[in-house]
Amino acid sequence: MKKTEIHTPGGSGGALRLVAWELTRSCNLSCRHCRAAAERGPYPGELSTEEAKKLLEDIAAFSSPIMILTGGEPLFREDILEIASYGTELGLRMVLATNGTLLTRPLARELIDVGIKRISISIDGKDETSHDRLRGVTGAFSGALFGIENAKSENLSFQLNTTVTRRNVDELEEIEKLASDLGAEAHHLFLLVPTGRGSEMAEDSLSAKEYERVLADIYRYETTAAHQVKVTCAPQYMRIRKTLAEKEGRTLPVGPHGGHGLAATTRGCLGGTAFLFISHIGDTQPCGYLEINGGNVRTTPIREIWESSPVYTRLRDYSQLTGKCGKCEYTDICGGCRARAFEDSGDYMGPEPLCPYVPASMAKRRA
């Protein structure tokens, strides 16, 4: 069906389309699945306002990605509005990931004024009991709803993010209904990657077969929801989505929102190929869960890091994938989760441990 091809920086596999920037690691919650194990802090060494502006200038000089301002809790940064405004002035598409607890109505208006296109707020349970249990702080659910209502009052676009674990998988339909009832413009579902504080939740990860079932259910959700639905940290969803759509005679992308703008997805795993994570101290990683340092923006220009770091150039060469991921006919649309592969084997180009699919070439040899 396919033959792996080498993607080179600057080509179709090297255009920087998404940047998640951890402006601060400080946070007022203590989520059990947090990749950063974030607490209130303070955390020394955060990029200064001037360093932040210089980084935005350097990014805008060679690319035009969606900039996800995240944390920790990015609203802890006193200069958050100044940074967002500067990115907007440079022509970058600025969005913000918050837990909602600090989002007052006046602040929602200010975020709109500085060019924030959308915010995301996480809802990981159907109600206060299940959400707060995972978030580690009583009142987190009501705080999230507080932020959502203030965003709605000012017509600030918002999406819900949900991390799927064994703890809430049976609540997904109710969480989906909540996303609709709240009026979210999008619902992004993240499949747990056990890193950071989340490594203590490894037993809460679904099995490979359970993932297949849940992802098939999410396909049903995507094709029927009135809002955009996107799956993250489960690249095998692209295989499932393609297979089910073909069986139904659908032409992808499915769903009412397609795959454009803030919903754009071209491949399951974008880490290092179209997506970059930048930490609060300027270290870069292929994603927030794959803790492989590709260079620090304080010492190396971001363009040089993105185009020349061996970590990212290797990730763009799909022929270097090993195990069944390297033999799979769905490599170009899936790629397997590189963070899970690294956590499982120490090789970030190794096989995705939570994908049960057997590539056609391997199945023939077994027959």
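Okay everyone, where does Pro 44 sit in this chain? Pro 44 is in the loop between β1, residues 18-22, and α1, residues 49-60. Before I go on, keep in mind that we're looking at a predicted model.

So, staying with Pro 44: is this proline buried or exposed? Exposed, because its relative accessibility is 71%, and the cut-off for exposed is over 50%. Leaving out residues up to four places away in sequence, Pro 44 touches His 280 and Ile 281. And if you look back along the chain, Thr 24 is 20 residues apart from Pro 44, with 9.6 Å between their C-alpha atoms.

Let's go inside now. In soluble globular proteins, nonpolar side chains tend to be buried together. Here, the largest nonpolar core has 91 residues. Which of them have the most contacts inside that core? Those are Trp 21, Leu 69, Ile 116 and Ile 119. Helix α7, which runs over residues 208-224, gives the largest share of this core, with 6 residues.

Two packed helices are described by the angle between their axes and the distance between the axes. The contact uses Leu 172, Glu 173, Glu 176 and Ala 179 on the α6 side, and Val 214, Arg 220 and Tyr 221 on the α7 side. As for handedness, α6 passes α7 in a right-handed crossing.

Next, some backbone details. Which peptide bond is cis? The one from Gly 71 to Gly 72, with omega near 25 degrees. You'll find Gly 72 in the loop between β2, residues 66-70, and α2, residues 80-89.

Then there are two residues other than glycine with positive phi. Asn 155 has phi near 60 degrees, and you can find Asn 155 in the loop between α5 (140-153) and β5 (158-164). Cys 233 has phi near 65 degrees, and its loop runs between β7 (228-232) and α8 (237-248). Asn 155 is exposed, at 70% relative accessible area, while Cys 233 counts as buried, at 15%.

That cysteine brings me to my last point. How many disulfides does a search of the whole structure find? The count is 0. Cys 328 is in no disulfide either, and the nearest cysteine sulfur, in Cys 334, is 6.5 Å away. Cys 328 counts as buried, because its relative accessibility is 11% and the cut-off is under 20%.

How values were computed:
Residues are numbered from 1 along each chain as its sequence is written. This is a predicted model: local features need pLDDT of at least 70, side-chain atom pairs count only at pLDDT 80 or more; totals for chains, interfaces and linings use all residues. Side-chain values use heavy atoms; hydrogens and water are left out. A nonpolar core is a set of buried Ala, Val, Leu, Ile, Met, Phe, Trp, Tyr and Cys residues joined through side-chain atoms within 4.5 Å. Buried means under 20% relative accessible area, exposed over 50%, partly exposed in between (1.4 Å probe, protein chains only). Helices (H or I, at least four residues) and strands (E, at least two) are DSSP runs, numbered from the N terminus. Contact means heavy atoms within 4.5 Å. A disulfide is a pair of cysteine sulfur atoms within 2.5 Å. A crossing is left-handed if the near helix is turned anticlockwise from the far one by less than a right angle, and right-handed if clockwise.
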